[in-house]
Structures are given as structure tokens and as C-alpha cells.
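Welcome! Please take a moment to look over the sequence and the 3D view before reading the short tour below.

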Amino acid sequence: MSRAGDGAMFYKAARAISGFRKLSLPDYSKPQKKLLGHFEKAFHHVSGEAKSEAFSETRTNFIHPTAFVHPDAILGHNVTIGPFCSVGSDVKLGNACHLHPGSHIFGDTELGDHCTLLAGAIVGADIPGQTIIGSKNTVGHHAVVGAMCQDLKYKVGDECFLYVGDNNDIREHTSIHRSSKSCDRTVIGNNNLIMGSCHIAHDCKVGNNNIFANNTLLAGHVVVEDFIHTAGAIVVHQFCHLGSFSFVGGGSVVSQDIPRYMMVAGERAELRGLNLEGLRRHGFSSTEVKCMRRAYRKIFLPNNEESAQIAERLAEVEKDEELSNIPVVCSMVQSIRDSFELTRRGICKFRQWNGS
């Protein structure tokens, strides 16, 4: 029997004797009373130790006999490692992590608390650098997170990095690669839903609360802001920038930037107006939407298209007394301006769209 078991038995016996002592104390002689005092001190010490050990037993880990866990790996409390899993020497697992059968963690990799790896998932790689994943993330069946990039400029032996935030749902067969250089990072924020068979390449920066539908493919160095929704089977060219609250229609090929709050679609994605449904779902006021629609028409649907270049149209919106005082309009205009900087790719082509 374990020490915790001995202590529990002693605890029960002491309770009984202690109860008897309270009932019969007047009948005891002075030496007997002294002996009972020593016994009571020992009882409190052992029972406390038993409770402590019993509590520690509730925080133990379960490791299946067929799993391989390197002795240098660091495991938190209540970690479950299923059959045929492997955990490398430099791995750190937070509390209550769960590795389903056949999942593997390699290299210098950290998982926060309450992370789940489903069957066949692979996290990290035995290459220089690091993969850090926050808390409450799920990595789906046969997903690969933290693998070496597919960039030919990567030099074997260089450090490369991937940082993932909290509460992300990374579904089956998704691949997320580390950076291509030691001076850069691939970064995924918080609360993202990344559906099956998506790909996020080296050096991408993904913000928070995004939804990537199946087969969303991001090339290297793509920047995705917050609250973006992509439909299925879309491709984003390297170095493109996707603005917050935008929507990408299914089957689109995005080769230039998408300004904030806008919707694009097409084999070569074109602006199709504002993402009105997305704006409604995220609580934008009717006044904000009305002003954004006015600004969109001034910029992309002028009465006389030959009257001014787009820079002049942006300036016209900024001079408008009403529109210039609406923060979301200012944000939209600035997003468009930023896309015309020398290091950026410009915005997707725009065409008339009655729904704007």
C-alpha cells in the first residue's frame, strides 16, 4: 500500500480514537492524557501528509506504455499521452495537454495549457529554432504545425520560428510552416478557425478572430489582419495584405491587397463592394455603414472617372466634413493609401458593383 493509503488508514483510526478521547477524557489518568496529546500531534502531521499525497495523485500524468517520451521532456500536470505518440527531448507540455494516438511533438517546442493534438498531428521539427503554441489550441488529425518552410532561400542550419496564440482551432491536414529566416517569424494570433487542408506558409502574420474555410492557401509573407473570412479554395499571392473585416469569395486568386471592410471575388480577385453582411454581423452601426458606402462610391464609383486619379479621390474623402470624422472611414482610406506604398502590391482591381 502507498504512503497515502497508510495515512488514510491511520487517519480513520485516529478519528475514531480521537472521538473516544473526547467522550472519555475525564476517565483518563494524567500519563494517558499526555500520551493522547502526543498521538494527536502525530495524527495531524500524518493526516496532512496523506491529504497532500492524495491531492498530488489527482495531478499525475497518464502515458500509454507504447508512447515514447524522452526523459528530458518537461510535462505539466494531468497530461495525457496516448498510444504510439512521441515527445522529444526539448519539448515542454503545459497542464492538461492531451495527445491522441499517433501524434508527435519534435524539436524545441512548447505547448501551453489545455492543448489537444488529435490522431496523426505533428507539431515542431528537429531543426534549429522554436515552435511556441499558446493555451487551449487544437491541432487536427494529420495536421503539420511548425515544419520547415518550403522556401528555397532557406539555409539549412538557420534558426526559424513559429508563434501561435491561444484558442485556435487548426483542423485536419492543415500545414503551418516556420519562418524562412532567423530574423523573421511566422505568427498566428488568437481565436482563429483554420479549416481542413489550409496552408499558411513561412513568415505569414495572421491576426485574431479569422475564419479560413477549407483549402485557403497563403503564400509566404502574407499579412492577414483581424476578423477576415475566406470562402473555400482561395489562393493568396506572397506579400499580399488582407485588411480587417474583409471577405474573400470562394475560388478567388488574390494577387494584390484587399483594403479593410471590402469584399473581393474572381479568378483574379476584384473588389465587389463593401462586406456588408460581415459589417452587420460584427455590430457596425447603420451610420458607419452608410458613411463607408458614401466613401466607397466617391473613391471607386465617381460620376466622372476621368476627373481625378485615385489619390485625389482619397483626398476628397478626407476633406469631406462628415466622412473625415468617422473613424472607420478614416481607417478604410488609410488602408487603401498604405497599399500604394513602394513595398506593397497595390489593391485588387475594382469595378462597378451595384450592391455597394
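## Reading the model

Let us begin with a term for how hidden a residue is: buried means under 20% relative accessible area, exposed means over 50%, and partly exposed lies in between (1.4 Å probe, protein chains only). This is a predicted model, in which local features need pLDDT of at least 70 and side-chain atom pairs count only at pLDDT 80 or more, while totals for chains, interfaces and linings use all residues. Residues are numbered from 1 along each chain as its sequence is written, and side-chain values use heavy atoms, with hydrogens and water left out.

## Cysteines

Cys348 counts as buried, at 1% relative accessibility. Cys97 is buried too, with a relative accessible area of 1%.

How many disulfides are there? A disulfide is a pair of cysteine sulfur atoms within 2.5 Å, and by this rule the count is 0. For Cys97, the nearest cysteine sulfur belongs to Cys115 and is 4.9 Å away. For Cys348, the nearest one is that of Cys240, at 7.0 Å.

## A sheet of parallel strands

Strands (E, at least two residues) and helices (H or I, at least four) are DSSP runs, numbered from the N terminus. Two strands pair if DSSP finds at least two bridges between them.

Strand 9 (residues 109–111) pairs with strand 12 (residues 129–133) over 3 bridges, and Leu111 stands opposite Ile133 in strand 12. Next, 5 bridges join strand 12 to strand 15, where Leu162 stands opposite Thr131. Strand 15 (residues 160–164) has 4 of its 5 residues buried, so it is largely enclosed by the rest of the structure. Strand 15 is also joined to strand 18 (residues 186–188) by 3 bridges, with Tyr163 opposite Val187.

## Around His64

Where does His64 sit? Its place is in the loop between strand 1 (62–63) and strand 2 (68–69). At 24% relative accessibility, His64 counts as partly exposed.

The side chain of His64 makes a polar contact with the side chain of Thr66 (2.8 Å). Such a contact is a pair of N or O atoms within 3.5 Å; within protein, one must be able to donate a hydrogen and the other to accept it, and residues adjacent in sequence count only if both atoms are side-chain atoms. Leaving out residues up to four places away in sequence, His64 touches Ile81, Gly82 and Pro83, where contact means heavy atoms within 4.5 Å.

## Aromatic rings

Rings of Phe, Tyr and Trp (its six-membered ring) pair if their centres lie within 6.5 Å; planes under 30 degrees apart count as stacked, over 60 as edge-to-face and the rest as tilted. The whole structure holds 7 aromatic pairs. The rings of Phe227 and Phe245 have centres 5.0 Å apart and planes at 5 degrees, so this pair is stacked. Phe227 is partly exposed at 29% relative accessibility, whereas Phe245 is buried at 15%. Ring pairs link Phe227, Phe245, Tyr261 and Phe284 into a cluster.
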